[in-house]
Amino acid sequence: MLKIRGLHSGYGRIEALHGIDLDVPEGQVVSLIGANGAGKTTLLMTICGEPRATAGEIIFDGQDITNLPTHMIARMGLAHSPEGRRIFGFMTVLENLQMGAIVTDPKYFDEDLERMLTLFPRLKERLNQRGGTLSGGEQQMLAIARAMMSRPRLLLLDEPSLGLAPLVAKQLFANIAEINASDAMTILLVEQNAFQALKLADQAHIIVNGRIELSGTGAELLKNPAVRDAYLEGARPKVGATQ
């Protein structure tokens, strides 16, 4: 569904991605793990058109989207739940979900809303509450649900467990697995919780300093001694934050 070849991108004179090659097959969860500053978030943002690729190509569903504006990419069926949630804090939960649905046919709204409230029942309890008053976990649920309201074919998730308590993070990963299974949703997941990211993944990649250094199935990388030493040993109990 998504094919990236020779992708370079960055900010001004600072290049963050140095020739990324990446495939995201339809219906699969593809996880991308790496340290802070490795280029994970830049990759997702470049796919969405900001910042722009300086070289290479991004092919989505057979079409070259490398130079398309972000709003056109969204209308093609690609949705991004960004790092830090970035919900509309002064809007209610319902209004946030309405914003997510703005690129789709209004006839699907009620059906999609019910589906999201079933998947995230806490949002149903908070439907008329302002987004900024939600807990961190509830805000992350809202960010994902808002992205899903656009009826995407490809969902980009950037650090969904960031800052969440362990039990909340565990539930969120279960929600992501359900979205993939029940909706056959293709997902590109960026996540610092390497254990959970690899556990979910059909395919996974390690990014180091803007380059893909290692690839394989999620199960293969979970067993890889180098990956365990760098990203897993001692990290498994630390699911999200401790607060």
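**Entry 1: Glu83**

I began with Glu83, which lies in the loop between S6 and H3. Helices (H or I, at least four residues) and strands (E, at least two) are DSSP runs, numbered from the N terminus. The model is a predicted one, in which local features need pLDDT of at least 70 and side-chain atom pairs count only at pLDDT 80 or more, while totals for chains, interfaces and linings use all residues. Residues are numbered from 1 along each chain as its sequence is written, and side-chain values use heavy atoms, with hydrogens and water left out.

I looked up the accessibility of Glu83 and found a relative accessible area of 31%, hence partly exposed. The classes are buried (under 20% relative accessible area), exposed (over 50%) and partly exposed in between, with a 1.4 Å probe and protein chains only. I then listed what Glu83 touches, leaving aside neighbours within four places in sequence: Thr41, Asp158, Glu159 and Leu162. Contact here means heavy atoms within 4.5 Å. With Thr41 there is a side-chain polar contact of 3.1 Å. A polar contact is a pair of N or O atoms within 3.5 Å; within protein, one must be able to donate a hydrogen and the other to accept it, and residues adjacent in sequence count only if both atoms are side-chain atoms. I also noted that the C-alpha atoms of Glu83 and Ala219 are separated by 25 Å, the two residues being 136 residues apart along the chain.

**Entry 2: the sheet**

I traced an open sheet of six strands with mixed pairing, in the order S6-S7-S8-S3-S9-S10. Its edge strands, each pairing on one side only, are S6 (78–81) and S10 (211–217). Direction ignored, neighbouring strands are turned by 15 degrees against each other on average. Two strands pair if DSSP finds at least two bridges between them.

I followed strand S3 (residues 29–33) to both of its partners. With S8 (residues 186–190) S3 pairs in the parallel sense over four bridges, and Val30 has Leu188 as bridge partner there. With S9 (residues 203–208) the pairing of S3 is also parallel, over four bridges, and the partner of Val30 in S9 is Gln203.

In which sense do S9 and S10 pair? I found them antiparallel, over six bridges, with Gly216 of S10 as the bridge partner of Ala204. Their hairpin has two residues between the strands, and Asn209 takes a positive phi near 50 degrees in it.

I turned to Asn193, in the loop between S8 and helix H8 (194–200). Asn193 counts as buried, at 8% relative accessibility. A polar atom of the Asn193 side chain lies 3.2 Å from the backbone nitrogen of Gln196.

I checked which residues of H4 (residues 109–119) are buried: Phe109, Asp112, Leu113, Met116, Leu117 and Leu119. Seen down the helix axis, these residues fall within an arc of 160 degrees, so they line one face of H4. The arc is that of the directions from the helix axis to the C-beta atoms. Asp110, Glu111 and Thr118 are exposed on the other side of H4. The cover over the buried residues includes H3 (93–100), H5 (121–125), H6 and H7 (166–183).

Helix H6 (residues 136–148) lies across S6 and S7 (154–158), running at about 170 degrees to S6. For such angles, axes are lines fitted to C-alpha atoms, for helices over the stretch in contact, and the angles run from 0 to 180 degrees between N-to-C directions.

**Entry 3: salt bridges**

I found 10 salt bridges in the structure. A salt bridge is a side-chain nitrogen of Lys or Arg within 4 Å of a carboxyl oxygen of Asp or Glu.

I looked up Asp61 and Arg153, whose closest N and O atoms are 2.6 Å apart. This pair links distant parts of the chain, 92 residues apart: Asp61 in the loop between S4 (53–60) and S5 (63–64), Arg153 in the loop between H6 and S7. Asp61 is partly exposed at 41% relative accessible area, and Arg153 is partly exposed at 29%.

Glu111 forms a salt bridge with Arg151, with 3.5 Å between the closest N and O atoms. Glu111 lies in H4 and Arg151 in the loop between H6 and S7, so the pair ties together parts 40 residues apart in sequence. Glu111 and Arg151 belong to a network of salt bridges that also links Asp112, Arg115 and Asp183.
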